[in-house]
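Subject: Structure handover

Hello,

Here is the structure for your files. Notes on what was found in it follow below.

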Amino acid sequence: MSEDFEPNIVAFLCNWCSYAGADLAGTSRVHYPANIKVIRVMCSGRVNPLYVMNALQQGADGVLVSGCHPGDCHYMEGNYYARRRLGIFKELLEFVGVDSRRFHMSWVSASEGHKWKEVVEKTVEDVRAAGPFKGFRRWQIDW
Amino acid sequence: MTDKPKIGVYVCHCGINISATVDVEAVAEYAQNLPNVHLARTYSYMCSDPGQALIKKDIREQGLNRVIVASCSPRMHENTFRKAVQEEGLNPYFLEIANIREQCSWVHDNKEEATAKAKKIVASAVAKSRLLEPLESKEVDAEPAALIIGAGIAGIQASLDIADAGFKVYLVEKSPSVGGRMAQLDKTFPTLDCSACILTPKMVDCASHPNIELMTYSEVEEVDGFVGNFTVRVRKKARYVDVNICTGCGECAKACRLANRISSEFDEGMGQRSAIYLPFPQAVPAKYTIDPENCLMLTRGKCGKGPRCEEACQAGAINFEQQDEIVEFKVGAIIVATGFDTFDASRKPEYGYSDYPNVITGLEMERLVSSSGPTGGEIKVFNGEEEIVPKEIAFIKCVGSRDASVGNEYCSRVCCMYTAKQAHLLREKIPDARIRVYYMDVRAFGKGYEEFYDRVRRENVRYIRGNPSEIFKRGNKLVVKVEDTLTSTPLEDEVDMVVLAVGLEPRADMRQVMDLLRLSQSGDRFFLEAHPKLRPVDTATDGVFLAGCCQGPKDIPDTVAQAKGAASSAMVPLARGKVTINAQVATVDESTCRGCGYCVNVCPYSAIEMVTINRFGHEVEVARVNEALCKGCGSCSSVCLSDSIQPKSFRDRQILPQIAALGGMS
Amino acid sequence: MDLEQLRKTTAEVAARDDVKYLIGWEKGTYGYRVSPVFIENEADAEDLIFSPLCTSNLATYLTLVEKPPLPRGQKADIRKVALMVKGCDSRAVAQILVEKGIEREQIIVIGCPCPGVVDVDLLAAKYPEIAENTELKWSGEDFTLIRGGEEIPVKREEVLAEKCRLCRYPNPVISDITIGEPVKPWQTEEDPGVSEIEEKSVEERWEYWEEQFARCIRCYSCRNVCPLCYCEDCILDRLNPTWVNRAVNFSENTAFHIARAFHLAGRCVECGECERVCPVNIPLGRLNRKLAREVRGKYGFEPGLDPDGKPFQASYKPDDPEDFIL
Amino acid sequence: MSAVLLNKDKWPVFVGKLSGKVWVPKVEDGDAICFAPLSGGEAELPRFCNTRIPPKEIVFPETETLYRFKAGGYEIKAPQPDEKTVIVGIRPCDARAMKIVDSLFHWGVDDPYYLKRREMTTLVGLACSSPGPNCFCTSVGGGPASTEGLDVIMFDLNDYYLLEDITEKGKALLEEAEGLFEKAGDDALKQKDESISDAESKINRSVNVEGILEGLPGLWEDPLWKRVSASCLGCGTCTYLCPTCHCFDIQDETEGFEARRYRTWDSCMFEEYTRHASGHNPRPTRKERTRNRINHKYSYYVDKFDLIACVGCGRCINYCPVNIDIVDILRQVKEAL
C-alpha cells in the first residue's frame, strides 16, 4: 500500500447523537484526519445497508455509520435495527471479499467529541491499511 | 413541478473560524461550477443581518430558488436561514446547510486538506439541494382539553393550573381518592406545615372545579392519536357504591363484618379498615368503596344472612350489581403524574425489616407520627410482643438509594430531609429520646434545607457517618452494627427502634403507562424526559408530559414546580388551538408498496397503519403514514424492500447523489 | 409416493368451487424435465406427479400473478389457490405469510414430505439416455431410475441437489393437506460450498466472486424464480434513484448480487432455486446460505417457520451481536 | 470453395496465425458457458455441444457505449469498434442467427456499431457432430452443417479438421495460414458427408412450421397463450440466450459532470419492457409477453424480412427454469390452427 494514499471515507451520522458528537469535537477543537466526509441522517436506523454498497461503488474507500448508544436512540430503537441490518450486511461484504476494515460502525453520543475523534482515527487507519478500494467501483470499468 | 433548480451557495468566513483553515474563496469558486449553481459568494458572517440580507437580495434579484449556506452546523443556524429564505417567499426546506466549521475548519489544520474537504461537503449539499422538494408544515386542530394521569400533588397542581386557565381537564386516579403520597405525610420539611392542611384544600378544589372531571378509582385503558388529538378510554372501576347517593357517613364501614380486619394501604398496613372503606378521613371524593378482593359478598357471593353495609346505608347507595364503566373522550395533551413506590425494605434483609416490628420505614414513621395515624400520633412500636415507647432511636439513610446492589444508583433526594424532619418530630414527641442518624452524606440542597438540618442537629440529634452493615437483636434491644467512618470506630448501637429512610422507586406498574403512551425509561428506570436539561417535562411522544416523581425522585416543591411546568407546556397546544406537524415526515408510494408491513413493525411511534386501497380493481393493502405521529426518523424506509416509504428531505434519491458527490470523482 | 392418493386428493381440491387453480408438477416436455402446471379442473389432476425430479418451488407462483387494471365493473378473481409444496417450499409459503404477501385463507397448502430432489444436470450427465416413460423414484435413501422397463439404482450422493444435502426441514412446516408420510430429517451436512469460500483469504474470496459475477448476464432469473423476490417494482429495476445501473458489467453485477442477497437476509428459506436456474451457473445459493447461517447462528433466527412470526430485518433483540462495533 | 485439412497438431499454430482478436468457445468444469478470447493455451477446440451464451455478444455486446458526453460543453465522444475479429468454432445455427439479425440492423437506419463489428468479424464455423437434446435447426431452415452466414466451415474429422471457405473473407482468412493445410482427399470429403448425415439423424426434435407463419395472427386471442405462459417467471433467460434476440434498451449513466449513453440488452419477457411512463403496460401479463416472443420470431420477423427469427438452437428450451418449450408451444399452435 502506498504510504501517501489518502482514503476517502463516507460517514453516515445520526442527527441527535453522532452528528452532535462530531459537532462537539468541532467546538472543542479536537483535531482528526480530514478523510471523513459526513452525510447527516436523522437516525442510524435510516441507513439502508445498501448505502454502504453504493458508497463503495461510487468511489468511497471506506464507510462509517455511527449512531446513538443502544438505549439512547432519539427514536427509541432505530439504532437497534441499524445494528442488526448493518451487522448482517457486514458479514455479506466480508463473504464476497470486501475487506472488513472498510466498513465500520460505532456508537458516539452527543457528549463524546473525543470518542468521535478516536472512531475517525481508527477508521482512517484501517481503511488506509486496506488500501484504495478498486473492488467494484463504478466508473473504473472501461467502457 | 418545481422550477429548474437555481442554487445560490454562500460560503461563510465565520470571522476567521472557517477562513483560517478553509480557503473560502476557492470553495466558492469550485461551487460556482457545480451543476445548477447560479452563484456562489463568500461573506464574513452569513448569520449576521447583512449576511442574511445578502441571501434575501439574491433570491429577490437573481431569482434563486435554492440556497446553500456553507457555514456552521445545521444544528446552529438551520432555522435562522430557513426563516430568512422563507421571508423571501422561498420554501424553507429549500435551504441546505453545508457544515464546514464544526466538522471541517475546526477539526483540521492542514488548509489544503480542509479546503478539499469543504469542497466535497458543498458538492454533497448541492447534489442534495438540486433534488429537494418543497414541504409544507401542516396544522391540525387541537382538542382544548387535557388528561392528567395520577392525582397526587403533581397531578392535582397540574389539573388546577390547566383548569384555571379555562381548559377542560380529565383527572384520572387509580385509587379511590385523590391526594397520593402527600396525603400520607404528616408534616412537610423544612417549614413543618401540616401536609394535610396544605393539600386538602387543593384536593377539594379539584373535585369542585367546574373544568375538572375527576375520575377516581379509574384507569386509562387506551390512548390513540397524537398531540392535539388523543382519544382516551378510561375504565371507571365499579365501587359497588353509587357515588351520587353515598353521603360518606361511614355507617356502612362500621357495620361491615370485616370492620377493622383489613390492613389499611393508607396507613402502610399499620392501621385497619373495613371491606367498605374511605381510604382516609379527608379523602376526596368522600365516597365509600367496596374492596372487591376482601368483601365477602364479592368474593364468596354471600355475607352472613345479608350484607350489613346494605342494611346500614340509609341512603341505599350500596349496589353489588355495579359494573365497570368505560368512558371515552378526546384531549389535546396528556400529563403523566403517576408518582413512585417506596423502596421495599425487605430487599435489604440485613436490616431485619421483615423480622423486627420495631424496624420501620420512613413512610410508616409518617403514619406513626401523624395525629390522624393508626396510633393517633403516639410513638409506639412493638418490640417483639411488647408495645413500647422507644427511647433510643436510630435512623438509617440511603436505604435503597445510592445502592448498586439493589439496582438503584440514584439519590432519592427526599430521605435526608424527611429524616431530619422525623427526627425533629420525634424530639418533640419524646423529648428525652436518644436519636442518632446514620448517613453516607447529608444532602440539604433546597431552600431552607441546610438551616433546617442545622436546627435538627442542634436539637441533640446525633449524625454519625457510617452505613450500617447489620441490624440484629440482642436481648430486647436492636443492635445497629456500623462503622463510624469519620473516626474509623466500629460501633454497636443498641436501640428500641430503627427507622429506615427508604428511597423512591419507579412504580411497579409503570410498564402499563409506558405501553399506553409509548414512553421510555431512563437508566434509573423512571420515565425518560425528552432532554434532561432543556426539555425536562417533555417526552419523546409529542403532547405527553411528565410531572412529579414518575420522572425521578423529587420533593414537594420540585414536584409542584414541575407540575406547573408540565401544565404550561401542555397548555401550549391547547391555547393555540392548533398543532404544527413535522414537515419532514415519511410518505408512501402506494403504487409500489407491497403491503408487507415491515415499516409498521419498526415505527416507534405507531405512525404507520395498513389500509386497503383499490388498485385498478384489485383490493390491495398498503402502508399509510399518519403525518401527525411521524417524527421523520426514516427507519421505516431502510427496511422497505421496495423503497416505497421514504422520509421527505431524506429520500434515497436525495441521499444517493450525496454519496456520489462525496465518494465520486467529480 | 402414492400417486393415486396424490391424484385423488388434488382432484378433490381442484374440483372445489372456491379454488381458482391448483399448482403442481407434471412430466415435462423432454428428458428428465418436470413442469409446473396449473390445474383448473379435477380431470387434469391425472397428470400430476411428485418425484425426485420435482425441483421447482411452486410458492413462487403465489406472488407472481400480475394484477393488470381491470375493466370497470369487473371483479378480481379472489378464489383460493392450492399448491403442492415440499418442505423447503413450505417455508417460502410461511415467510410470504409473515410478509403478508398473501393471506392464509387465500391458499390451500398441499404438503408433500420430501426425501430430497435431484440435481437434474447431474442426473442427465450420469444417465444421458432417455427412453419413453423414464421416471425417477425414491427408494429408501436412494433413487431408482426406471427406463424402458429397466430399474437402475441410483445412489443418493451421486445426484442429490446441493440444497437437499443441507436440508433441515424435509417436512412441510405448514400444510392443510399432507400427502405421504413424514420423512425423517437427514443428518445434514455442514455447508461445504460456503465453508470452502469462508476458508479463503479476503483477496481470494474477492477473486472468486469477481469471476462469478463477471459472467452474470443479468437475465434476472435468480430474482424472478425466488419465491421471496416479489416486489411489483423491484428497486434493482428502478431508475430514480438508481441503485444499480442497467449496464451489465462487473461493477453493476456485483452491486446487483449484493443487493439481492441482502434483501434476502433473514428471509431466504434456502430452497436453492436461484442457484438451479442460473443459466451461467453462478453459485448464488452460497451467498444466501452464508447469510442464513449467520442469521441462524448469531441472531438465533430462522425465517419461514412461523407464519405469525416477526420479520428478521424489521425486528431486533437488545442483545443482538455488536462485536463489530468500534 | 476449396476443402483443406488441418492436422489438429497444428491447431495452435493455425489460430496463432489468424490476424485480429480470436474468440473460441471456453469450457469450464465440462460446461461451455460462452466464447472467450483465445488465451493461447488451447491445444484444440474443446468438445462442446454449444455455448450457453451465444456468440452474438461478440458483435452485439450486452452493454455497449454509444457515446459519452459532458455537462456544459456537450462534448460527445462516440467509440468506434475497429478491431478485426475472428470467431472460431461458432455453430452453424449461431452464424445463421447473425445473418438473420443483420437484416434488423440494416432496417431503415444502418446501425454503425453493429454493422462495423460485423464487417470486422470473420466467422469460422464448426459443423455439429452431436446435436443437443433440444436442437431443431433442421425444422427452421438450418442444419448441422449449414453454411449460411459463415465465412469458413470446419468439420471435426477426429485427427483433422476439414475446412472449407465459403466467402471471400473466408478465403482470405485461410490464406493467412496457407502453409499449414493439406489437401482434403475424397476420403475426407466422404467422412464429412457421413458426419453431416449422422448429425442430422441425431436431431430428434422438430417443428412443422407450415401454416404456423400465416396462422399465428389468427390465434391472437387463443387460450393457448395463457396456458403456455402460466408457469413463465418473466426472466430473460430465453431471450438473452437466444442468438437472434436483439432487443436493447438505451440508458444514460452519469457521474458528476460526465455521462455516457449506452445500450444494453433488453428482453420482451420483462415487465418493464413495454411499460409506459404513465404506468400503463400494453403487455400487462406474461401471457402477452410470451405471445409476443413467439409471434416476433415466427410471424412479425417473417412478415418484415421473410426470415424466421429462430434458428432452432434449443437454448431457450434447455435453460428455461420452468420448462417452457418453444417446440411444444409451436406444436400447440399447430393444433390450435
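In α3(A), residues A:R83, A:R84, A:G87, A:I88, A:E91, A:L92 and A:F95 meet C:R286, C:L287, C:K290, C:L291, C:E294, C:V295, C:K298 and C:Y299 of α12(C), where contact means heavy atoms within 4.5 Å. Sorted by class, this contact has seven nonpolar, one polar and seven charged residues. Here Ala, Val, Leu, Ile, Met, Phe, Trp, Tyr, Cys and Pro count as nonpolar, Asp, Glu, Lys and Arg as charged, and the others, Gly among them, as polar.

Before the rest, the conventions. This is a predicted model, in which local features need pLDDT of at least 70 and side-chain atom pairs count only at pLDDT 80 or more, while totals for chains, interfaces and linings use all residues. Residues are numbered from 1 along each chain as its sequence is written, chains are lettered from A and ligands numbered from 1 in the order in which they are written, and side-chain values use heavy atoms, with hydrogens and water left out.

Helices (H or I, at least four residues) and strands (E, at least two) are DSSP runs, numbered from the N terminus. α3(A) and α12(C), the latter spanning residues 284-299, pack at an angle of about 135° with their axes 10 Å apart. The axes are lines fitted to C-alpha atoms, for helices over the stretch in contact, and angles run from 0 to 180 degrees between N-to-C directions. That angle makes α3(A) oblique to α12(C); under 35 degrees counts as roughly parallel, over 145 as roughly antiparallel, 65 to 115 as roughly perpendicular and the rest as oblique. The crossing of the two is right-handed (near helix turned clockwise from the far one by less than a right angle; left-handed if anticlockwise).

The axes of α2(A), residues 49-57, and α10(C), residues 250-263, come within 10 Å and cross at roughly 170°. α2(A) and α10(C) are therefore roughly antiparallel. From α2(A), A:P49, A:L50, A:M53 and A:Q57 take part, facing C:S251, C:E252, C:A255, C:I258, C:A259, C:F262 and C:H263 in α10(C). Their contact has seven nonpolar, three polar and one charged residues.

Just after the helix, A:G59 takes a positive phi of about 115°.

**Cysteines**

A search of the whole structure finds two disulfides over all chains, a disulfide being a pair of cysteine sulfur atoms within 2.5 Å.

- A:C17 and A:C68 form one, with sulfur atoms 2.5 Å apart. The pair links distant parts of the chain, 51 residues apart. A:C17 and A:C68 are both buried.
- B:C194 and B:C197 form a disulfide with sulfur atoms 2.4 Å apart. Its S-S torsion is about 85°, so it is right-handed. B:C194 is partly exposed at 25%, and B:C197 is exposed at 51%.
- B:C593 is in no disulfide; the nearest cysteine sulfur, that of B:C599, is 6.2 Å away.
- C:C268 is in no disulfide either, with the nearest cysteine sulfur, that of C:C274, 6.4 Å away.

Regards

Note on methods
Buried < 20%, exposed > 50% of the residue type's maximum accessible area, 1.4 Å probe, protein only.
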